[in-house]
Amino acid sequence: MSEEFEKPVKRRFIAGAVCPRCSEMDKIVNYKLGDKNYRECVACGFKDEIRLQSSRPRELDTRVNQTQDREVEETAVKILQPPTGPADKK
C-alpha cells in the first residue's frame, strides 16, 4: 500500500499564544509533520516551523553551582554564652 493516505495530523491549540501576523489570541495550533513541529494561525493562515531547543537546557551560572571558581575562606567563630547569674546582670 502506498503512503498517500497518511494519518490525520493531531492539532492542538496553544493557550494564550498570539499570532505574529494578525495579533489574534488563542488562534494558534501546534502540530507535527514527520519530525518537524509547526504552528499555524486558524484566523489568518500564518504558518511557520518551530525549532525546538535541546531537551535539556543549559543550567544558568549562579554562585551556588560555581563554587569551584571561588576561593573558600574559612574564619573562626567565637560563641558567646548568654548571662545566667545575678552578677552578670548590669
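This is a predicted model: local features need pLDDT of at least 70, side-chain atom pairs count only at pLDDT 80 or more; totals for chains, interfaces and linings use all residues.

Student: What makes β2 and β3 a pair?

Tutor: Two strands pair if DSSP finds at least two bridges between them. β2 and strand β3 (residues 36-41) have six bridges, in the antiparallel sense, so by that rule they pair. Residues are numbered from 1 along each chain as its sequence is written, and side-chain values use heavy atoms, with hydrogens and water left out.

Student: What sits between β2 and β3 in the hairpin?

Tutor: Two residues lie between them, and Gly34 in the turn has a positive phi of about 65 degrees.

Student: How do you know that β1 (residues 12-13) counts as a strand and pairs with β2?

Tutor: Strands are DSSP runs of E with at least two residues, and helices are runs of H or I with at least four, numbered from the N terminus. β1 covers residues 12-13, so it meets the strand cut-off. Two bridges join β1 to β2 (residues 28-33), and the strands run antiparallel. Phe13 has Val29 as its bridge partner in β2.

Student: Why are β1 and β4 said to stand at the edges?

Tutor: The open sheet has four strands in the order β1-β2-β3-β4, with antiparallel pairing. β1 and β4 (47-50) each have a single partner strand, so one side of each has no neighbour in the sheet. The chain has four strands and zero helices.

Student: Why is Glu40 called buried?

Tutor: Buried means under 20% relative accessible area, exposed means over 50%, and partly exposed is in between (1.4 Å probe, protein chains only). Glu40, in strand β3, has 17% relative accessibility, so it counts as buried. Across the protein chain, buried residues make up 11% of the 90 residues.

Student: What makes the link between Glu40 and Arg11 a polar contact?

Tutor: The term needs a pair of N or O atoms within 3.5 Å; within protein, one must be able to donate a hydrogen and the other to accept it, and residues adjacent in sequence count only if both atoms are side-chain atoms. The side chains of Glu40 and Arg11 are joined at 3.0 Å, and the Glu40 side chain also makes a polar contact with the side chain of Tyr31 at 3.2 Å.
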